[in-house]
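Open the model in your viewer and follow the stops below. Each one says what to select and what is there.

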Amino acid sequence: MSSTAAAGTIDHHHDSTTVTGIPNKKLLMWAFLASDCMFFGCLISTHLIYRLHPPPGTPNARDVFSIELTSFSTFILLMSSLMMALAVNSIQKGNLKSLRWSLLTTIFFGCIFLGCQVYEFRNFVYEKHLTITNSILGTTFFTLTGTHGLHVLIGVIWLTGMLIYSFTGRLTEKDAIDVESMGLYWHFVDIVWIVIFTAVYLLEYI
Amino acid sequence: MSAPATTTHASGHELEQSKFWIFVQIAMLLAVITGLELVTVYLPFMKWILISALVILSTVKFMFVIFYFMHLRWDKAFCTILFFIGLVLAGGTMWALLKLFGVADSKPLSMAEPAAVVRLAA
């Protein structure tokens, strides 16, 4: 946990009780995120490689994708990141009421994003006849965006758990590191989407 | 002793207050950059210019999120180093894979030149 730097204030960025000066939970999360970078890097590379040499009969991604829906999803995820940052800011100030509202809004935005993804997948499968097995585009696209969607779902569940926990009265300013670690995970999901939005969607329109 | 503690508390409180507005401004900036990215793909420029512009814009968004929303700007440098180790490894792997599979010899046989297919079959 973070150490008390001075009377009435907690230094949330440094921890004098650890060798690194960084709270252990935060260090663990950064190490995990660094490894997850490599995981998503491989998935994105696979998609790009197969887009580089599309086998004959591969559907035109431009005819399949809906840039309007994806842009909306991107905007929603960016706004959820803002609300998550505000949630961390709130718990660091010990403002539980503000934390709850920020978490609730983040969950709401996360659910909208997931709803958009479910709608997109359904549209691709039933309207555009693009499935995970009938083309390389479908295989790499659904694997990549599906894995990202799974990360968002895990984030939403984690956020909901934290929101419920905040009502037990056991979540205080001293536990800000728990909310911050969760925030790191949520922002990571956002930065992965920033890359996917450009590499998978926008590049098809050039 | 109480004076420095009060000063620390006040400056800490000011930092937290200013962070709120920093986060709001950055979110607005990120939304604007996303809009710019959308406009970029429809511009009648050469492909490499558009791709470079998209890469730069998404890198700017990426950096704003990690340094401000993820607090790397205020955290110890070790967090930045740790994350960038993963990022560099991921980026290097992506670059290597794209280079390896980008060459003509990596094309699927159905797309390769007929002469090359015959040579391989022989």
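How many residues of chain A are in contact with chain B, and with how many residues there? The model is predicted. In it, 49 residues of chain A contact 51 residues of chain B.

Select the side of chain A that touches chain B. Strand S1 (4-6), H1, H3 and H6 of chain A each supply at least two of its residues. H1(A) gives the largest share, 14 residues. By class, this side of chain A has 30 nonpolar, 17 polar and two charged residues.

Next, show helix H1 (residues 24-52) of chain A with helix H3 (residues 77-102) of chain B. Their axes are 8 Å apart, and the packing angle is about 15°. An angle under 35 degrees counts as roughly parallel, so H1(A) is roughly parallel to H3(B). The crossing of H1(A) and H3(B) is right-handed. Their contact has 22 nonpolar and seven polar residues, and no charged ones.

Now move to helix H4 (residues 96-127) of chain A. At 1.5 Å a residue, its 32 residues should span 46 Å; the end C-alpha atoms lie 45 Å apart, which agrees.

Which residues of H4(A) are buried? Select Leu99(A), Ser102(A), Leu103(A), Thr106(A), Ile107(A), Phe109(A), Gly110(A), Phe113(A) and Phe124(A).

Last stop: His129(A). This residue follows H4(A) and has a positive phi, near 55°.

Methods. Residues are numbered from 1 along each chain as its sequence is written. Chains are lettered from A and ligands numbered from 1 in the order in which they are written. This is a predicted model: local features need pLDDT of at least 70, side-chain atom pairs count only at pLDDT 80 or more; totals for chains, interfaces and linings use all residues. Axes are lines fitted to C-alpha atoms, for helices over the stretch in contact, and angles run from 0 to 180 degrees between N-to-C directions. Helices (H or I, at least four residues) and strands (E, at least two) are DSSP runs, numbered from the N terminus. Angles under 35 degrees count as roughly parallel, over 145 as roughly antiparallel, 65 to 115 as roughly perpendicular and the rest as oblique. A crossing is left-handed if the near helix is turned anticlockwise from the far one by less than a right angle, and right-handed if clockwise. Ala, Val, Leu, Ile, Met, Phe, Trp, Tyr, Cys and Pro count as nonpolar, Asp, Glu, Lys and Arg as charged, and the others, Gly among them, as polar. The expected span of a helix is 1.5 Å times one less than its number of residues. A residue is buried if 20 or more other C-beta atoms lie within 10 Å of its own, exposed if 12 or fewer, and partly exposed in between; C-beta atoms are placed from the backbone. Two residues are in contact if their C-beta atoms, placed from the backbone, lie within 7 Å.
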